[in-house]
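Student: Please take a close look at a single helix in this model. I would like to know how its sides are used.

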Amino acid sequence: YAYVFYNKQKAMANTRLAYYYMKQGKFKITTDLLDQVVKIYQSLNDSLGISNCYNNAGGVLMEMGEVPAAIESFKKSIVIKEMLASRKRMSAADRFNLSNSYNNMGIVSLETGKIKDALAYYQKSLELDTDPNSSIRSVAYEGMGNIFDHLNDSANALKYYRLSLAASVNRKDTAKIAETIEHIGLHYLKREMMDVALPYFWQTH
(Lines give C-alpha, C1' and ligand atoms only; values in the text may rest on other atoms or scores of the structure.)
Protein backbone atom coordinates (compact mmCIF):
# COMPACT_ATOMS: atom_id res chain seq x y z
CA TYR A 1 0.00 0.00 0.00
CA ALA A 2 2.80 2.43 0.92
CA TYR A 3 4.52 1.74 -2.42
CA VAL A 4 1.34 2.46 -4.39
CA PHE A 5 0.54 5.59 -2.36
CA TYR A 6 4.06 7.00 -2.75
CA ASN A 7 4.18 6.42 -6.48
CA LYS A 8 0.71 7.86 -7.09
CA GLN A 9 1.73 10.97 -5.16
CA LYS A 10 4.92 11.17 -7.22
CA ALA A 11 2.92 10.81 -10.46
CA MET A 12 0.52 13.59 -9.44
CA ALA A 13 3.42 15.85 -8.43
CA ASN A 14 5.18 15.27 -11.76
CA THR A 15 1.92 15.97 -13.62
CA ARG A 16 1.57 19.33 -11.84
CA LEU A 17 5.21 20.13 -12.61
CA ALA A 18 4.67 19.20 -16.26
CA TYR A 19 1.72 21.60 -16.43
CA TYR A 20 3.85 24.35 -14.87
CA TYR A 21 6.70 23.86 -17.35
CA MET A 22 4.26 23.68 -20.27
CA LYS A 23 2.95 27.13 -19.31
CA GLN A 24 6.57 28.33 -19.26
CA GLY A 25 7.07 26.99 -22.79
CA LYS A 26 9.62 24.40 -21.62
CA PHE A 27 8.21 21.54 -23.66
CA LYS A 28 11.20 19.17 -23.46
CA ILE A 29 11.05 19.16 -19.66
CA THR A 30 7.26 18.78 -19.87
CA THR A 31 7.35 15.73 -22.13
CA ASP A 32 10.14 14.13 -20.07
CA LEU A 33 8.05 14.51 -16.92
CA LEU A 34 4.97 13.04 -18.60
CA ASP A 35 7.05 10.09 -19.83
CA GLN A 36 8.03 9.48 -16.21
CA VAL A 37 4.38 9.66 -15.16
CA VAL A 38 3.37 7.06 -17.78
CA LYS A 39 6.09 4.69 -16.52
CA ILE A 40 4.92 5.13 -12.93
CA TYR A 41 1.31 4.31 -13.82
CA GLN A 42 2.46 1.37 -15.95
CA SER A 43 4.39 -0.01 -12.97
CA LEU A 44 1.18 0.28 -10.91
CA ASN A 45 -0.94 -1.26 -13.69
CA ASP A 46 -3.15 1.83 -13.44
CA SER A 47 -4.91 2.02 -16.80
CA LEU A 48 -6.86 5.20 -16.00
CA GLY A 49 -3.68 6.96 -14.90
CA ILE A 50 -1.97 5.94 -18.15
CA SER A 51 -4.95 7.15 -20.17
CA ASN A 52 -5.05 10.53 -18.41
CA CYS A 53 -1.33 10.94 -19.03
CA TYR A 54 -1.77 10.28 -22.75
CA ASN A 55 -4.53 12.90 -22.75
CA ASN A 56 -2.25 15.43 -21.01
CA ALA A 57 0.59 14.61 -23.41
CA GLY A 58 -1.74 15.24 -26.34
CA GLY A 59 -2.42 18.74 -25.03
CA VAL A 60 1.30 19.44 -24.73
CA LEU A 61 1.98 18.15 -28.23
CA MET A 62 -0.76 20.44 -29.56
CA GLU A 63 0.95 23.40 -27.87
CA MET A 64 4.19 22.33 -29.55
CA GLY A 65 2.50 22.16 -32.96
CA GLU A 66 3.05 18.39 -33.18
CA VAL A 67 -0.50 17.73 -34.39
CA PRO A 68 -0.15 14.12 -35.72
CA ALA A 69 1.58 13.05 -32.50
CA ALA A 70 -1.11 14.83 -30.46
CA ILE A 71 -3.85 12.97 -32.33
CA GLU A 72 -2.17 9.62 -31.66
CA SER A 73 -1.81 10.47 -27.98
CA PHE A 74 -5.46 11.51 -27.65
CA LYS A 75 -6.56 8.34 -29.46
CA LYS A 76 -4.52 6.15 -27.09
CA SER A 77 -6.23 7.85 -24.18
CA ILE A 78 -9.70 7.28 -25.66
CA VAL A 79 -9.05 3.60 -26.48
CA ILE A 80 -8.08 2.88 -22.86
CA LYS A 81 -11.00 4.85 -21.40
CA GLU A 82 -13.52 3.19 -23.73
CA MET A 83 -12.11 -0.21 -22.77
CA LEU A 84 -12.49 0.62 -19.07
CA ALA A 85 -16.02 1.93 -19.67
CA SER A 86 -17.02 -1.34 -21.32
CA ARG A 87 -16.01 -3.31 -18.22
CA LYS A 88 -17.97 -1.46 -15.55
CA ARG A 89 -20.68 1.04 -14.86
CA MET A 90 -19.21 4.48 -15.45
CA SER A 91 -18.93 6.89 -12.55
CA ALA A 92 -19.35 10.65 -12.94
CA ALA A 93 -15.54 10.95 -12.93
CA ASP A 94 -15.26 8.29 -15.67
CA ARG A 95 -17.79 10.15 -17.83
CA PHE A 96 -15.97 13.45 -17.25
CA ASN A 97 -12.59 11.98 -18.21
CA LEU A 98 -13.84 10.31 -21.39
CA SER A 99 -15.89 13.37 -22.38
CA ASN A 100 -12.79 15.50 -21.92
CA SER A 101 -10.83 13.22 -24.27
CA TYR A 102 -13.63 13.39 -26.84
CA ASN A 103 -13.55 17.19 -26.62
CA ASN A 104 -9.80 17.21 -27.20
CA MET A 105 -10.24 15.07 -30.31
CA GLY A 106 -13.00 17.43 -31.42
CA ILE A 107 -10.65 20.39 -31.10
CA VAL A 108 -7.78 18.75 -32.98
CA SER A 109 -10.11 17.33 -35.67
CA LEU A 110 -11.54 20.79 -36.35
CA GLU A 111 -8.06 22.32 -36.49
CA THR A 112 -7.01 19.73 -39.09
CA GLY A 113 -10.15 20.28 -41.21
CA LYS A 114 -11.90 17.02 -40.29
CA ILE A 115 -15.26 18.66 -39.71
CA LYS A 116 -17.43 15.52 -39.57
CA ASP A 117 -15.04 13.85 -37.13
CA ALA A 118 -14.99 16.95 -34.95
CA LEU A 119 -18.78 17.10 -34.81
CA ALA A 120 -19.00 13.39 -33.96
CA TYR A 121 -16.53 13.73 -31.08
CA TYR A 122 -18.36 16.73 -29.62
CA GLN A 123 -21.67 14.88 -29.86
CA LYS A 124 -20.15 11.88 -28.06
CA SER A 125 -18.92 14.20 -25.34
CA LEU A 126 -22.37 15.73 -24.85
CA GLU A 127 -24.03 12.30 -24.78
CA LEU A 128 -21.77 11.21 -21.92
CA ASP A 129 -21.78 14.34 -19.79
CA THR A 130 -24.92 14.71 -17.68
CA ASP A 131 -24.20 18.01 -15.94
CA PRO A 132 -25.94 20.81 -17.89
CA ASN A 133 -23.52 23.43 -16.55
CA SER A 134 -20.23 21.52 -16.70
CA SER A 135 -17.02 22.80 -18.27
CA ILE A 136 -17.19 19.78 -20.58
CA ARG A 137 -20.47 20.98 -22.07
CA SER A 138 -19.16 24.55 -22.42
CA VAL A 139 -16.20 23.30 -24.44
CA ALA A 140 -18.30 20.93 -26.58
CA TYR A 141 -20.98 23.54 -27.29
CA GLU A 142 -18.36 26.15 -28.16
CA GLY A 143 -16.62 23.65 -30.43
CA MET A 144 -19.88 22.93 -32.22
CA GLY A 145 -20.43 26.67 -32.55
CA ASN A 146 -17.00 26.90 -34.20
CA ILE A 147 -17.92 24.09 -36.58
CA PHE A 148 -21.15 25.75 -37.72
CA ASP A 149 -19.40 29.10 -37.93
CA HIS A 150 -16.85 27.45 -40.25
CA LEU A 151 -19.75 26.01 -42.30
CA ASN A 152 -21.32 29.48 -42.47
CA ASP A 153 -24.43 28.22 -40.64
CA SER A 154 -25.01 31.32 -38.56
CA ALA A 155 -28.18 30.15 -36.79
CA ASN A 156 -26.61 26.97 -35.44
CA ALA A 157 -23.30 28.67 -34.66
CA LEU A 158 -25.02 31.24 -32.46
CA LYS A 159 -27.27 28.57 -30.92
CA TYR A 160 -24.29 26.57 -29.68
CA TYR A 161 -22.23 29.60 -28.65
CA ARG A 162 -25.17 30.71 -26.49
CA LEU A 163 -25.56 27.24 -24.98
CA SER A 164 -21.86 27.32 -24.11
CA LEU A 165 -22.22 30.79 -22.64
CA ALA A 166 -25.23 29.79 -20.52
CA ALA A 167 -23.37 26.82 -19.01
CA SER A 168 -20.35 29.01 -18.23
CA VAL A 169 -22.50 31.76 -16.69
CA ASN A 170 -24.29 29.24 -14.47
CA ARG A 171 -21.03 28.02 -12.99
CA LYS A 172 -19.50 31.55 -12.92
CA ASP A 173 -16.53 30.64 -15.14
CA THR A 174 -15.42 34.16 -16.04
CA ALA A 175 -12.57 33.09 -18.33
CA LYS A 176 -14.81 30.83 -20.42
CA ILE A 177 -17.57 33.48 -20.47
CA ALA A 178 -15.14 36.02 -21.94
CA GLU A 179 -13.84 33.50 -24.49
CA THR A 180 -17.31 32.59 -25.74
CA ILE A 181 -18.46 36.22 -25.88
CA GLU A 182 -15.40 36.95 -28.02
CA HIS A 183 -16.32 34.07 -30.34
CA ILE A 184 -19.79 35.56 -30.78
CA GLY A 185 -18.27 38.96 -31.52
CA LEU A 186 -15.91 37.45 -34.09
CA HIS A 187 -18.82 35.59 -35.65
CA TYR A 188 -20.59 38.89 -36.33
CA LEU A 189 -17.37 40.66 -37.33
CA LYS A 190 -16.65 38.07 -40.03
CA ARG A 191 -20.07 38.88 -41.46
CA GLU A 192 -19.24 42.60 -41.44
CA MET A 193 -21.88 43.30 -38.77
CA MET A 194 -19.68 45.70 -36.83
CA ASP A 195 -22.52 47.39 -34.91
CA VAL A 196 -23.61 44.00 -33.57
CA ALA A 197 -20.06 42.75 -32.94
CA LEU A 198 -18.73 45.72 -30.97
CA PRO A 199 -20.88 45.33 -27.83
CA TYR A 200 -19.60 41.74 -27.48
CA PHE A 201 -15.98 42.89 -27.65
CA TRP A 202 -16.67 45.64 -25.08
CA GLN A 203 -17.95 43.01 -22.67
CA THR A 204 -14.59 41.22 -22.72
CA HIS A 205 -12.62 44.30 -21.56
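Tutor: The buried residues of H2 are Thr-30, Leu-33, Leu-34, Val-37, Val-38, Ile-40 and Tyr-41, where buried means under 20% relative accessible area, exposed over 50%, and partly exposed in between, with a 1.4 Å probe and protein chains only. They sit on the same side of H2 because they cover an arc of only 160 degrees around the axis; the arc is that of the directions from the helix axis to the C-beta atoms. This is a predicted model, in which local features need pLDDT of at least 70, side-chain atom pairs count only at pLDDT 80 or more, and totals for chains, interfaces and linings use all residues. Residues are numbered from 1 along each chain as its sequence is written, and side-chain values use heavy atoms, with hydrogens and water left out.

The cover over the buried residues of H2 includes helix H1 (2-23) and helix H3 (47-63), contact being heavy atoms within 4.5 Å. On the face turned away from the buried side, H2 carries the exposed residues Lys-28 and Lys-39.

As for its extent, H2 spans residues 27-43, which is 17 residues. Helices here are DSSP runs (H or I, at least four residues), numbered from the N terminus. From first C-alpha to last, H2 reaches 24 Å, close to the 24 Å expected at 1.5 Å a residue; the expected span is 1.5 Å times one less than the number of residues. Just after H2, Asn-45 takes a positive phi of about 55 degrees.

Key
Helix = DSSP H or I, 4+ residues; strand = E, 2+ residues; numbered from the N terminus.
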